[in-house]
Amino acid sequence: MARIKRKKNRYISDQTILEESIRTLRTNLSFSSVDKENKVFLVTSSKPEEGKSTISVGLARSIALNGEKVLLIDCDFRNPSISKISKNYHKEGLVDYLVNGVELRNVKIKDDMVSNLELILAGIKPPNPSEILGSKKFKTFIDGIKKHYSYVIIDTPPVGVLTDAAIVSTMVDGVVMVVSQNKTTDSELDLAMKNLKNVGANIVGFVFNKVDIKNIESYGYGKE
Ligand SMILES: Nc1ncnc2c1ncn2[C@@H]1O[C@H](COP(=O)(O)OP(=O)(O)OP(=O)(O)O)[C@@H](O)[C@H]1O
Ligand SMILES: [Mg+2]
């Protein structure tokens, strides 16, 4: 992992930067939808590989460690990765519940790391992800399950490429946009924002991920 030196020979790592961004995001989200007891947030970005799933897992754990009851749902049915990133393994997931009649209690699992966090993985790969996410059953599922948690965090595919996240954004309290520094162009971000605004999504925060630590050094951290 990359590290840079800062005052008194201490180091700041990109892991530290990620943790700090997630703590800031957690605080900002706690001020969003203040009157709601059950807050639902979706995490997306313009394009693949910007860190949506990594941020989703980190954010869900961070909120749960703060004492809140949290549910993390993998709604990226095309490229699910919450299982691998969080190191929680279970055969059946949300698609099995929504499409194959598996009971909800059989798709919910407890996080291996943080006790206040539960997860629903994606499950079996369907041929029609957008149709499932736009279904009445999915909307009813979100409306019902959120009553049992203070926070629900939903990981989704990139909104500049696929319609899935835009569909789900209409059912949540807010959308968190992950922006990868040096990777996301202005036009890609514009398209993603347009897709979200077209459906009336409430964008509540941006996370700048994969930040070039050399830039942080130039802001003073690295000076002896
Ligand atoms: N802050 C970070 N520092 C270093 N590596 C990171 C960081 N965030 C994410 N990554 C790495 O980038 C890759 C993509 O991350 P992740 O799967 O979270 O992105 P994603 O946006 O969910 O991708 P996809 O669009 O495929 O779902 C992974 O290998 C992950 O470990
Ligand atoms: Mg992902």
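## Aromatic pairs

The count comes to 4 aromatic pairs in this predicted model. Rings of Phe, Tyr and Trp (its six-membered ring) pair if their centres lie within 6.5 Å; planes under 30 degrees apart are stacked, over 60 edge-to-face, the rest tilted. Phe138 and Phe141 have ring centres 6.1 Å apart and planes at 45 degrees, so this pair is tilted.

Both residues sit in helix H6, residues 136–145. They are 3 residues apart, about one turn of the helix.

## Charges over rings

A charge sits over a ring if NZ of Lys or CZ of Arg is within 6 Å of the ring centre and within 35 degrees of the ring normal. The charged end of Lys137 sits over the ring of Tyr97, 5.2 Å from its centre. Lys69 lies over the face of Tyr149, at 4.8 Å from the ring centre.

## The chain overall

The chain has 9 helices and 9 strands (DSSP runs, numbered from the N terminus: H or I, at least four residues, for helices; E, at least two, for strands). Of its 224 residues, 47% are buried.

Take contacts (heavy atoms within 4.5 Å) between residues at least 6 apart in sequence: 78% join residues at least 24 apart.

## Basis

Residues are numbered from 1 along each chain as its sequence is written, and chains are lettered from A and ligands numbered from 1 in the order written. In this predicted model local features need pLDDT of at least 70, side-chain atom pairs count only at pLDDT 80 or more, and totals for chains, interfaces and linings use all residues, while side-chain values use heavy atoms, leaving out hydrogens and water.

Technical notes:
Buried < 20%, exposed > 50% of the residue type's maximum accessible area, 1.4 Å probe, protein only.
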